[in-house]
Amino acid sequence: MTNLTKKQKNRRLTESALMLALATILAEFAVFEFPFGGSVTLFSQVPVILISYRYGVKWGAATGLVMSVIQLIFGIKNFSYVSGITAFLILALCDYLIAFTALGLGGMFKNKIKNDVLAISLGGVVVSVIRFICHFISGATIWKEYAEGAPVLEYSLTYNAGYMLPELIITVVGLVILAGIFDLNSIELKTKIKKKEKNKQQ
């Protein structure tokens with residue numbers, strides 16, 4: 001946050017807090033919940049990815065880390081289903097801390113790809129895949145007893161893809177809509193229509 005005015009710092013903190021609150025609320029209202037964890041939500045990944053795109057991956061990762069801690073607290077009961085320090089670590093890291101912190105990397109293609117819609121959408125795809133990999137590792141290790149005789153890797157792949165693939169698609173759709181309507185680089189997140197009208201007046 002170097003070289004930022006107090007007003008800019010306050011705006012960034014306020015926007016990040018609002019996006020975190022929105023992400024948390026959207027994550028709780030699942031469209032579909034899987035029996036052994038995991039759910040399809042309405043755009044719950046979008047707010048953190050948006051913050052990352054607007055303020056950079058370092059700030060985004062910090063925001064994602066806060067979200068991961070919130071999700072861990074909400075899912076604390078899941079620790080009662082596993083035993084041993086290794087299982088606790090895998091659960092904490094793969095299902096929460098790494099999985100949700102990774103969402104904060106969603107702005108990785110900003111300034112590398114000129115088209116904002118493509119850049120933020122591709123970022124959304126990449127972080128969703130990273131999150132899937134985290135859950136896949138968790139499913140293949142500490143949750144393997146739920147495979148019920150099926151090959152563990154196949155079980156983890158199909159189970160976690162079952163909710164992460166729809167989540168990826170919904171996320172990208174949300175990002176495309178936002179990037180199509182708003183100027184993601186404007187300080188006040190103005191619509192592109194207003195920006196075009198302002199440019200015409202000038």
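A pocket is an open set of grid points with protein on both sides within 12 Å along at least five of seven lines. In this predicted model, the largest pocket has a volume of about 910 Å³, and the second largest pocket holds about 260 Å³ of space. The structure also has two salt bridges and a nonpolar surface patch of about 790 Å².

**Largest pocket**

- The lining of the largest pocket, whose volume is about 910 Å³, is made up of 33 residues, and Gly-37, Gly-38, Ser-39, Asn-78 and Tyr-96 are the closest to the pocket centre.
- Two or more lining residues come from each of α1 (6-28), β1, β2, α3 (57-74), α4 (85-101), α5 (116-141) and α6.
- Helix α6 provides the largest share of this lining, with five residues.
- Sorted by class, the lining of the largest pocket has 15 nonpolar, 12 polar and six charged residues.

**Second largest pocket**

- The second largest pocket, with about 260 Å³ of space, is lined by 15 residues.
- Nearest the centre of the second largest pocket lie Met-19, Leu-22, Leu-50, Leu-178 and Leu-189.
- The elements that contribute two or more residues to this lining are α1, α2 and α6.
- The lining of the second largest pocket consists of 10 nonpolar residues, one polar residue and four charged residues.

**Salt bridges**

- One of the two salt bridges joins the side chains of Glu-15 and Arg-54, at 2.6 Å from N to O.
- This pair connects distant parts of the chain, with Glu-15 in helix α1 and Arg-54 in helix α2, 39 residues apart.
- Both Glu-15 and Arg-54 are buried.
- A salt bridge is also formed by the side chains of Glu-167 and Arg-131, at 4.0 Å from N to O.
- Because Glu-167 lies in helix α6 and Arg-131 in helix α5, this pair ties together parts that are 36 residues apart in sequence.
- Glu-167 has a relative accessibility of 2%, so Glu-167 counts as buried, the cut-off being under 20%.
- Arg-131 has a relative accessible area of 7% and is therefore buried as well.

**Nonpolar surface patch**

- The patch of about 790 Å² is made by Val-31, Phe-32, Leu-42, Phe-43, Leu-165, Ile-169, Val-173, Ile-177 and Ile-181.
- Strand β1 (30-33) and helix α6 (152-181) each supply at least two residues of the nonpolar patch.
- Helix α6 gives the most to the patch, with five residues.
- Phe-43, one of the patch residues, sits in the loop between β2 (39-41) and α2 (46-55).

- Phe-43 has a phi near 65 degrees, a positive value in a residue other than glycine.
- With a relative accessible area of 31%, Phe-43 is partly exposed, because that class covers values between the buried limit of 20% and the exposed limit of 50%.
- Asn-111 also has a positive phi, near 70 degrees, and is likewise a residue other than glycine.
- Asn-111 is placed in the loop between α4 and α5.
- Asn-111 has a relative accessible area of 75% and is therefore exposed, the cut-off being over 50%.

Notes:
Residues numbered from 1 in each chain as written. Predicted model: local features only at pLDDT ≥ 70, side-chain atom pairs only at ≥ 80, totals over all residues. Heavy atoms only, no water. Patch = residues over 30% accessible without salt bridge, like charges linked within 9 Å, V, L, I, M, F, W, Y side chains within 5 Å. Areas by Shrake-Rupley, 256 points an atom, 1.4 Å probe, with all protein chains shown as cover. Helix = DSSP H or I, 4+ residues; strand = E, 2+ residues; numbered from the N terminus. Buried < 20%, exposed > 50% of the residue type's maximum accessible area, 1.4 Å probe, protein only. 1 Å grid on protein atoms, 1.4 Å probe; cavity = no way out; pocket = protein on both sides within 12 Å on 5 of 7 lines; lining within 4 Å. Points joined across faces, edges and corners; volume = space filled by probe spheres on them. Nonpolar A, V, L, I, M, F, W, Y, C, P; charged D, E, K, R; others polar.
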